[in-house]
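Please read the points below with the model open beside you.

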Amino acid sequence: MRKAWREGAQAFAAVEVADHGQLLCCLTPRPPAILLLDLDLPHLGGMEGVSGLRALQPATKIVVLAGNPDEKEGLVALKIGAQGTATAGSRPALLGKALEAVHNGEVWVGRKLTSHLLDELSALTEALGEQPSPGEIDRRLEGLTRGSARSSPSWVPERAIRRSLRSSP
């Protein structure tokens, strides 16, 4: 699996670490632009560890890899600041696309997760009892995803989500 990750990240200067301690050592002197983070990294502590890394290096974009991510786990990752989620067993070419997209300021989430993001955004809109302005939609989407992500070959770019939200009744 690590070989696939290295192949997917070949367009980037990649450093591989064995545990959370090594990762912290790599983050402090010169933080990376993108972090491809395996949730199973020893001593990471799951999503709490992701949140800690986000607080330590807020400018680093994080793509979270999980063995078999579900929508709830993906939503949590996005809410704490990950810009992408992917299955740890993803093909190298797909991981490369995810990293490239996140590097270019896009998000990387699968279709199922996108629908959950839209459901949450709709619930927030209903709670306010009014149709938000386009600027408010942007702020809410950013609040939901904090920069978010995509993870299947059939991804939806952030701009398409925003356009869909603006045109919904």
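The numbered points that follow take up the cores, the helices, a loop, a salt bridge and the cysteines.

1. On the basis of the note: this is a predicted model, in which local features need pLDDT of at least 70 and side-chain atom pairs count only at pLDDT 80 or more, while totals for chains, interfaces and linings use all residues. Residues are numbered from 1 along each chain as its sequence is written, and side-chain values use heavy atoms, with hydrogens and water left out.

2. On the cores: a nonpolar core is a set of buried Ala, Val, Leu, Ile, Met, Phe, Trp, Tyr and Cys residues joined through side-chain atoms within 4.5 Å, where buried means under 20% relative accessible area, exposed over 50%, and partly exposed in between, with a 1.4 Å probe and protein chains only. The largest such core has 16 residues, of which Leu 23, Leu 37 and Val 50 touch the most other members. At least two residues of this core come from each of helix 2 (20–27), strand 1 (34–38), helix 3 (46–56) and strand 2 (61–66); helices (H or I, at least four residues) and strands (E, at least two) are DSSP runs, numbered from the N terminus. A second, separate core has nine residues, among them Ala 98, Ala 101, Val 102 and Trp 108.

3. On Leu 37: if its neighbours within four places in sequence are left aside, Leu 37 is in contact (heavy atoms within 4.5 Å) with Leu 23, Leu 44, Val 50, Leu 53, Ile 62, Val 63, Val 64 and Leu 65.

4. On helix 2: His 20, Leu 23 and Leu 27 are its buried residues. They cover an arc of only 55° around the axis, and therefore sit on the same side of helix 2; the arc is that of the directions from the helix axis to the C-beta atoms. These buried residues pack against strand 1 and helix 3. The N-terminal end of helix 2 is capped by Asp 19, with a side-chain oxygen 3.1 Å from the backbone nitrogen of Gly 21.

5. On helix 4: within residues 71–79, Gly 74, Leu 75, Ala 77 and Leu 78 are buried. Because the buried residues fall within an arc of 160° when seen down the axis, they line one face of helix 4. Asp 70 caps the N-terminal end, a side-chain oxygen lying 3.3 Å from the backbone nitrogen of Lys 72, and just after helix 4, Gly 81 takes a positive phi of about 115°.

6. On Ser 90: this residue lies in the loop between strand 3 (84–87) and helix 5 (92–103), and counts as buried at 10% relative accessibility. A polar atom of the Ser 90 side chain lies 2.7 Å from the backbone oxygen of Thr 87.

7. On charge pairing: which residue forms a salt bridge with Lys 79? The partner is Glu 120, with the closest N and O atoms 2.9 Å apart, where a salt bridge is a side-chain nitrogen of Lys or Arg within 4 Å of a carboxyl oxygen of Asp or Glu. The pair links distant parts of the chain, Lys 79 in helix 4 and Glu 120 in helix 6 (residues 111–128), 41 residues apart. Lys 79 is partly exposed at 34% relative accessible area, and Glu 120 is partly exposed at 25%.

8. On the cysteines: the structure holds zero disulfides, a disulfide being a pair of cysteine sulfur atoms within 2.5 Å. The cysteine sulfur closest to that of Cys 25 is in Cys 26, at 6.9 Å, which is too far for a bond. Cys 25 is exposed, at 57% relative accessible area, whereas Cys 26 is partly exposed, at 33%.

Note on methods. A polar contact is a pair of N or O atoms within 3.5 Å; within protein, one must be able to donate a hydrogen and the other to accept it, and residues adjacent in sequence count only if both atoms are side-chain atoms.
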